[in-house]
2 protein chains.
Amino acid sequence: VLGIGDDCAVFRAPPGQDLVFTTDLLLEDVHFLRGDASPEFLGRKTLTRGLSDIAAMGARPRFCLLSLAVPEWAADRWIEQYFQGVLELGVPLAGGDLARAAKMAADIVVCGSVPRGQALRRDTARAGDAIFVSGPLGAAASQGYRHLGTPRLKLGQALRRRATACIDLSDGLSLDLHRLAEPSGLAAEIGPPPVFPGATLEQALDGGEDYELLFTADPRRIPKRWGTRIGTMRKGKAGTVLLDGRPLPPRGYDHFARPRSRP
Amino acid sequence: VLGIGDDCAVFRAPPGQDLVFTTDLLLEDVHFLRGDASPEFLGRKTLTRGLSDIAAMGARPRFCLLSLAVPEWAADRWIEQYFQGVLELGVPLAGGDLARAAKMAADIVVCGSVPRGQALRRDTARAGDAIFVSGPLGAAASQGYRHLGTPRLKLGQALRRRATACIDLSDGLSLDLHRLAEPSGLAAEIGPPPVFPGATLEQALDGGEDYELLFTADPRRIPKRWGTRIGTMRKGKAGTVLLDGRPLPPRGYDHFARPRSRP
């Protein structure tokens, strides 16, 4: 209804739809290093993280809001190219906030919509459900995080009322599967996931930034091309993940467990 | 419907309401200096800026999302007290993002709701409208920005269908009145505004962070206690502001016009 230029953006929610919101920080020296990535890449990356969360809810993206601290080292051309990267993904930018700072900081909010009551959650897997991943893992980690996956928006929407639980693989399978199993009150038993050509098994398990979907379902309801079955949800200690029968520690990226920089 | 802990927060929009969204950055060394303010104060300040935007739209706050880069220098107690400051204002925190970084960066999104089509805008003032401010100005500037105003949420809601345009005074009267006059295609003629005891006229005009409302209306529709009339909207060069007949330059806070630190 009303975009950039007023105190607030105004949005008229479509009737019969729930709205979903996600917010993601992208910080210089934390999520990337200056000079390590082009401004377009960083723009795409800023929004990709949020769009992947929207996909994991089975939602359709509606608009985004971008708060950006423009770094002192960035020329006008850098800023233009960064915004080009954000806008390339086709989601309307409805507003945001701008400031100047020594280092770049971006925070993106993406709003999506999903038919009422059909949002896919993490905490609703059932014992006996099959566990799927939507594609091979480890691509980003094996390429020094210079590769950017494509958010699985169409698949997420197709999984509504078919998947019992869903999460996106942004921080690594070992951590994200733990994050689905624990609130569902279940354990997960898996074999090795499909590995991206050139990536190691460790990169596929712990690397993160794959932006594939991890979901649970009755396997009869999931067409083959939607993903690869890697295991089964079981009764057991909530949050436990077993790989080939051995405990798999949640080694994916967690800011507060292991503060460190990642390019 | 679903709060912190999933990929997204889920919100069911009330029927017949438009949703409004605002996003505000609060950055260390840009908006405040470490040691200059208590964590509770910074928490309240983070949300106050957004709530004031919600007030300016005539909306009611519904929930907020907070992205926070926790600075390396902050102990757990600091973080707790910061969140206490945010939560003190009574707006449900529905989600967000957390990271560790060298300096603090917070971005808050506030969602509000307003009856369909009744959001107050900046660009809808009419020639002949009276110009009002909701209270005396300059309090924050006269106290080194250690004073925090209260967002005028009730007044904003009361102004629906009475004010013709509205903006909150976050960056200073001289700049914010320009920002209302320009998109409305009008000039503004004012006399001196009410000045907070102890503040100078310059602080009242340019200081900012007052969080009072600046609005235009037919004066017969505005009860006296809602504000002080300071002038009239006139045909003329769009965005011009005259104080006692002389041009008043938009000297309020603008990150890109005058990059500088403010405590």
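Trainee: What makes β1(A) and strand β2 of chain B a pair?
Mentor: This is a predicted model, and in it the two strands share three bridges, in the antiparallel sense. Pairing needs at least two bridges, so β1(A) and β2(B), with three, count as paired. One of the positions is A:Phe11, whose bridge partner in β2(B) is B:Leu19.

Trainee: Why is the contact of B:Arg12 with A:Asp18 called a salt bridge?
Mentor: The closest N and O atoms of B:Arg12 and A:Asp18 are 2.7 Å apart. The cut-off is 4 Å between a side-chain nitrogen of Lys or Arg and a carboxyl oxygen of Asp or Glu, so the pair qualifies. The count between chain A and chain B is two salt bridges.

Trainee: How many residue pairs are in polar contact across the interface?
Mentor: The rule finds 12 between chain A and chain B, with both residues at pLDDT 80 or more.

Trainee: Which elements of chain A supply the side that touches chain B?
Mentor: β1, β2, α1, β3, β4, β5 and β7 of chain A each supply at least two residues. The largest share, nine residues, comes from β2(A). By class, that side of chain A has 29 nonpolar, eight polar and 15 charged residues.

Trainee: How much area do chain A and chain B bury between them?
Mentor: About 4400 Å², with 62% of it on carbon and sulfur atoms. In terms of contacts, 52 residues of chain A meet 52 residues of chain B.

Trainee: What makes β8(A) a partner of β10(A), and what of β11(A)?
Mentor: Four bridges join β8(A) to β10(A), running antiparallel, and three join β8(A) to β11(A), running parallel. The rule asks for at least two bridges, so β8(A) pairs with β10(A) and also with β11(A). A:Glu189 has A:Thr232 as its bridge partner in β10(A), while A:Ile190 stands opposite A:Leu243 in β11(A).

Trainee: How do you know which part of chain A to read with care?
Mentor: Over residues 257-263 of chain A, pLDDT stays under 50. Where pLDDT is low, the predicted coordinates should not be read in detail. The model does have 19 contacts beyond four places in sequence for residues 257-263. For chain A as a whole, the mean pLDDT is 91, and 94% of its residues reach 70 or more.

Trainee: What does the predictor give for the complex?
Mentor: An ipTM of 0.82 and a pTM of 0.87.

Definitions and conventions. Residues numbered from 1 in each chain as written. Chains lettered and ligands numbered in written order. Heavy atoms only, no water. Contact = heavy atoms within 4.5 Å. Buried area = accessible area lost by both parts, 1.4 Å probe. Polar contact = N/O pair within 3.5 Å; in protein donor to acceptor, adjacent residues only side chain to side chain. Nonpolar A, V, L, I, M, F, W, Y, C, P; charged D, E, K, R; others polar. pLDDT = per-residue confidence, 0-100.
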